[in-house]
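Here's a quick briefing on the model below. Have a look at the fold, then read on for the helices, the loop and a few residues worth a click.

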Amino acid sequence: MKYIITLLLFFAAGSCEAALKQWTEEERKLYYSYITLSAIDTHQTFQMIECQQRPHCPLVEKNPFIGKTPTKGKVMVFKLVGNALIYKLLDRDDVDRKKALRFLNGVQGFVVVHNGIQWEKRF
């Protein structure tokens, strides 16, 4: 399953490849880092969903957009649509892409680390 997630997210990023070539090398690296962190977060969420299918799982999703007990399909739709919207917003001339990407990487990195901490605390 984790390979499917990774392929889908990178396919979404790769479909924008023509426009990405107009970005600076640093912007492209930051964008690919963001997509990678997003894939890691998706994998962590899928692990939580599998845990929730067992009795007495202490994990609860905190993202209010997908609910406390999301499905894998809902997570994938949310991630793909969200990443596509983020790309569209970043691919504008009036956006400080580097600053926005650094912020997005910081937020997504925080989410990934927080998820890991929650897994450690619960088990």
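Helices (H or I, at least four residues) and strands (E, at least two) are DSSP runs, numbered from the N terminus. By that count the protein chain has 5 helices and 0 strands, so you can read the elements from the N terminus on as α-α-α-α-α. It's a predicted model, where local features need pLDDT of at least 70, side-chain atom pairs count only at pLDDT 80 or more, and totals for chains, interfaces and linings use all residues. Residues are numbered from 1 along each chain as its sequence is written, and side-chain values use heavy atoms, with hydrogens and water left out.

**The chain overall**

- Of the 123 residues in the protein chain, 37% count as buried; buried means under 20% relative accessible area, exposed over 50%, and partly exposed in between (1.4 Å probe, protein chains only).
- Take the contacts (heavy atoms within 4.5 Å) between residues at least 6 apart in sequence: 66% of these join residues at least 24 apart.

**Helix 3 against helix 4**

- The axes of helix 3 (residues 25-52) and helix 4 (residues 72-90) come within 10 Å and cross at roughly 165°.
- That makes helix 3 roughly antiparallel to helix 4.
- On the terms: axes are lines fitted to C-alpha atoms, for helices over the stretch in contact, and angles run from 0 to 180 degrees between N-to-C directions; angles under 35 degrees count as roughly parallel, over 145 as roughly antiparallel, 65 to 115 as roughly perpendicular and the rest as oblique.

**The disulfide**

- There's 1 disulfide in the structure, a disulfide being a pair of cysteine sulfur atoms within 2.5 Å.
- It joins C51 to C57, with S to S at 2.0 Å.
- The torsion about the S-S bond of C51 and C57 is about 115°, so this disulfide is right-handed.
- C51 is buried, with a relative accessible area of 2%.

**The loop between helix 3 and helix 4**

- H56 lies in this loop and is exposed at 79% relative accessible area; its phi is near 65°, a positive value in a residue other than glycine.
- K62 sits in this loop too and counts as exposed at 67% relative accessibility; its C-alpha is 9.9 Å from that of N115, 53 residues apart along the chain.
- P70 also has its place in this loop, but is buried, with a relative accessible area of 6%.
- Leaving aside neighbours within four places in sequence, P70 is in contact with M48, I49, Q52, E61 and V75; P70 and I49 are 7.0 Å apart, C-alpha to C-alpha, and 21 residues apart in sequence.

**K98 in helix 5**

- K98 is in helix 5 (residues 97-122) and is partly exposed, at 27% relative accessible area.
- Leaving aside neighbours within four places in sequence, K98 is in contact with E26, E27 and L30.
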